Amino acid sequence: MNYSIACMFIRYSGGGIYVQSPRLVSRKATLEEGVCLYRNVKIQAGVHIGSNTYINDGSVVASGDIGKYCSIGYNVQIGMYEHPIDFVTTSERIYHACDDGNPCKEYKEIRRPPHIGNDVWIGSNAIIMQGVNVGDGAVIGASAVVTHNVKPYEIVAGIPAKTLRFRFDEKIIEKLLEISWWDKSNEWISKYKNLFYDPKILIERLEFDNKEL
């Protein structure tokens, strides 16, 4: 996949990066091979995005680590800046603007960058708060506000986000996490991706192939 010349200023582990609005992507962000950032996506310094993840128009990632093969919708906000709620005021006009000779108490607006696992689908307009850990294979419903950890392959939605169900039963989830297909080579994925429509069939085929080795 072609990538913008401006992306050459960004650290990356391979080629094939596509960025529609490079001026909104910090040079101190890390994008792996196959990342696609569509129009008006803003990525702040220190953010890491794993290979083959795409982020749709208007989304903002202020902090955090995002895994591989994630699908992120429109106008999603991840790890946004937080204001102090135990100060007299929550206004940055005050706590960032102390008078000379009277230094402000230091307040870090980014203190707990979130972690988003691999193969996570985040619906449009969702908000992922700081300090949240989203497990591999999870699904975040559109417009959800995620304030707590999400387990692998869990589906959550709502404000605040609550569990709807899990995508698969416990044994299937355990096997998929053991396989961790997102860490496999391109050759492995090409060989088995036609079986991804049914996790049971994929698992059975892998068990058969492993016995043949």
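Which residues does Ile-122 touch, not counting those up to four places away in sequence? In this predicted model, the list runs to Ser-71, Ile-72, Gly-73, Val-76, Ile-78, Ile-116, Ile-128 and Ile-140. Ile-122 also turns up, with Leu-37, Ile-43 and Ile-140, among the residues that touch the most other members of the largest nonpolar core, a set of 32 residues. A second core sits apart from that one; it has 14 residues, including Tyr-153, Ile-173, Trp-181 and Tyr-192.

Zooming out, the protein chain is built with four helices and 19 strands. Of its 213 residues, 42% count as buried. Among contacts with a separation of 6 or more, 22% come from residues 24 or more positions apart. The chain exposes about 12,500 Å², and 50% of that is supplied by carbon and sulfur atoms.

As for the cysteines, Cys-36 is buried at a relative accessible area of 6%, and Cys-70 is buried too, at 1%. No disulfides turn up when the whole structure is searched.

On confidence, the mean pLDDT of the protein chain is 88, with 85% of the residues at 70 or more.

Methods: Residues numbered from 1 in each chain as written. Predicted model: local features only at pLDDT ≥ 70, side-chain atom pairs only at ≥ 80, totals over all residues. Heavy atoms only, no water. Core = buried A, V, L, I, M, F, W, Y, C linked by side-chain atoms within 4.5 Å. Buried < 20%, exposed > 50% of the residue type's maximum accessible area, 1.4 Å probe, protein only. Contact = heavy atoms within 4.5 Å. pLDDT = per-residue confidence, 0-100. Helix = DSSP H or I, 4+ residues; strand = E, 2+ residues; numbered from the N terminus. Areas by Shrake-Rupley, 256 points an atom, 1.4 Å probe, with all protein chains shown as cover. Disulfide = S-S within 2.5 Å.
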